[in-house]
Amino acid sequence: MQESGETTSGETEIWREGSLVAYDRVPYGSDPFPQSHPDRAAMIARLLGAAPPDVETARILELGCASGGNLLPMAEQLPRATLLGIDGSRKQIEAGEELRQRAGLDNVELRHQDIATFEDGQPFDYVIAHGVYSWVPPEVQESVLRVIGERLSPNGVAYVSYNAYPGWHLLEMLREMMLFAARPFDDPGEKLNRAKEYVARIIEAMPADDPLRKLLANELRNIESDDPRYLLHDHLEQHNAPVYFDEFIRRAARHGLAFLGEAEFSQTDHENLPEKIRAELLDFADDPIRAEQHLDFRFSRTFRQTLLCRSSVQPDRNFDSVDWGRLLIATDASVDTAPLDVRSPMPVHFRREETVLRTRDPFVKAVMLLLSEAWPGAIAFSQLAQEAGQKVGIEQPDETSDRLARLVRRALGASIMDVRSSEPRLQAEPSERPRGSALAVAQAKAGPRVTNLLHAEVELDQLKRRVLANCDGKRDRDQIVRQMIELAGLDDAPSPQSRDVHDQVRARVDDTLEGLARMALLIE
Ligand SMILES: C[S@@+](CC[C@H](N)C(=O)[O-])C[C@H]1O[C@@H](n2cnc3c(N)ncnc32)[C@H](O)[C@@H]1O
């Protein structure tokens, strides 16, 4: 379904299939969460005209880090940074520590500690509290903001996610029904099943024309599609305290903190909202906090990922002081036309998940093509403007920069492009002696899901897992091939056939390495 796609140039439209604004739900457990990455915080801060600390050498603190699924990959991605994660669950910290040692990460510490008693003399440039604030008692909520208020460096940025009202009013009704049904049971799986069955029965018993029936049935469908761990945490745990955005900001202000933006670019830059909603926001032009609260009512918002800064930082919400030249742009959007003639007037579609960009504009085509060729690498804004301009014969640097800035702003809002503040340590092309991410290699021993160097979770098939396990930076491709042949129990004795086996396996290993590089699993 096309919901947003006003053309600005008359030649390019971007829309998201499905809902207009994707309100992310939290996959609990110990997973990587890209929105909480300091690079994301730094990028948003820069777009808002602030001067955040350099991520590569930053001091990073995660409160409630569970078993380090979010923090350990950051430690590998940022070897010059210093990271500390604390969590009140000893078991989770121990599991994380085991993985940390297996991956050989020595710039990160996982510490068993209560947030309420956390005292560390050092300032932190980035503080992360993901999936914690709404799920702890009020005194720990206060401690989360106290720690950030005391420890955040002058230009630092903190990320705090939480359940929000008004959307949670309806979800609370579901949660209370589920708690009621689950109370007599102990086993988490049983609790969950009984709770879901009970809600389904209540909905079923409601008159067909009851408007509440439809609303609850919708919510039940939504939550059923979520990870069961999310359901257990959000719906069946003792603490779940949603908060209105404006109240959250008042609480943060008591600790010297202020609203910077949201970790989702589409929710920070209102330029991407439909015109009607932008017009409504004019009523709140002098009060960004009320404007945000209005949007929460408008969209019945359930979840926020708010970035906080010190009250002394003055964000420029008009995006007038963006230093585009310093940013790196990337996308893995695929194109529906090959080979692509950028100068042809035919429309082409670029797609990334649910987002589609349709364009006839040669400059936009050239930008998208250059970026997808560079993926998983990124291209610096100024270089991209120049190279795309050259491809289509636009020589004036001011014009290409302006056009690229307009495109990037819209494409970021629709999540069809990423902006990075620093280049990840990855090999876009596999080398002769490829080296896999040590963390991913360690994770791949336990299962198919691993975290890549762009902080996303990816799933590996058996062949990729085996090849990755051999990418230690010492073996060359032929040694990896021989290892694969041995593992598969194939005959590699010198004979005309064995050369054939070797060549066939070599071709598959080469393909697999290309795949691993594109999945951002090979490290520099
Ligand atoms: C819902 S989980 C979220 C975990 C992780 N941040 C994520 O999003 O995957 C909440 C985490 O906060 C931790 N936690 C709760 N209260 C805490 C406290 N007072 N001090 C330290 N950690 C706490 C729990 O042990 C748990 O790991």
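Let me start with handedness: a crossing is left-handed if the near helix is turned anticlockwise from the far one by less than a right angle, and right-handed if clockwise. Helices here are DSSP runs of H or I with at least four residues, numbered from the N terminus.

Please keep in mind that this is a predicted model: local features need pLDDT of at least 70, side-chain atom pairs count only at pLDDT 80 or more, and totals for chains, interfaces and linings use all residues. Residues are numbered from 1 along each chain as its sequence is written.

On confidence, pLDDT is the predictor's own score for each residue, from 0 to 100. The protein has a mean pLDDT of 89, with 93% of its residues at 70 or more. In residues 1-9 the pLDDT is below 50, and beyond near neighbours in sequence this stretch has 17 contacts in the model; two residues are in contact if their C-beta atoms, placed from the backbone, lie within 7 Å.

Now to the helices. Two packed helices are described by the angle between their axes and the distance between the axes. The axes are lines fitted to C-alpha atoms over the stretch in contact, and angles run from 0 to 180 degrees between N-to-C directions.

So, how does H5 pass H6? The crossing is right-handed. The axes of H5 (residues 167-182) and H6 (residues 188-205) come within 8 Å and cross at roughly 120 degrees. That makes the pair oblique, given that under 35 degrees counts as roughly parallel, over 145 as roughly antiparallel, 65 to 115 as roughly perpendicular and the rest as oblique. H5 contributes Leu174, Met177, Met178, Ala181 and Ala182 to the contact, and among the H6 residues are Tyr198, Val199 and Ile202. By class, this contact has 9 nonpolar, no polar and 2 charged residues. Nonpolar covers Ala, Val, Leu, Ile, Met, Phe, Trp, Tyr, Cys and Pro, charged covers Asp, Glu, Lys and Arg, and the others, Gly among them, are polar.

H6 also packs on H7 (residues 211-224), at about 155 degrees with the axes 10 Å apart, and the two are therefore roughly antiparallel. Here the crossing is left-handed. Val199 of H6 takes part in this contact, and Leu216 and Leu220 are among the H7 residues.

Last, the ligand. Which residues are closest? Gly64, Gly88, Ser89, Ile115 and Gly131, out of 22 surrounding residues, each with its C-beta atom, placed from the backbone, within 6 Å. That shell holds 10 nonpolar, 9 polar and 3 charged residues.
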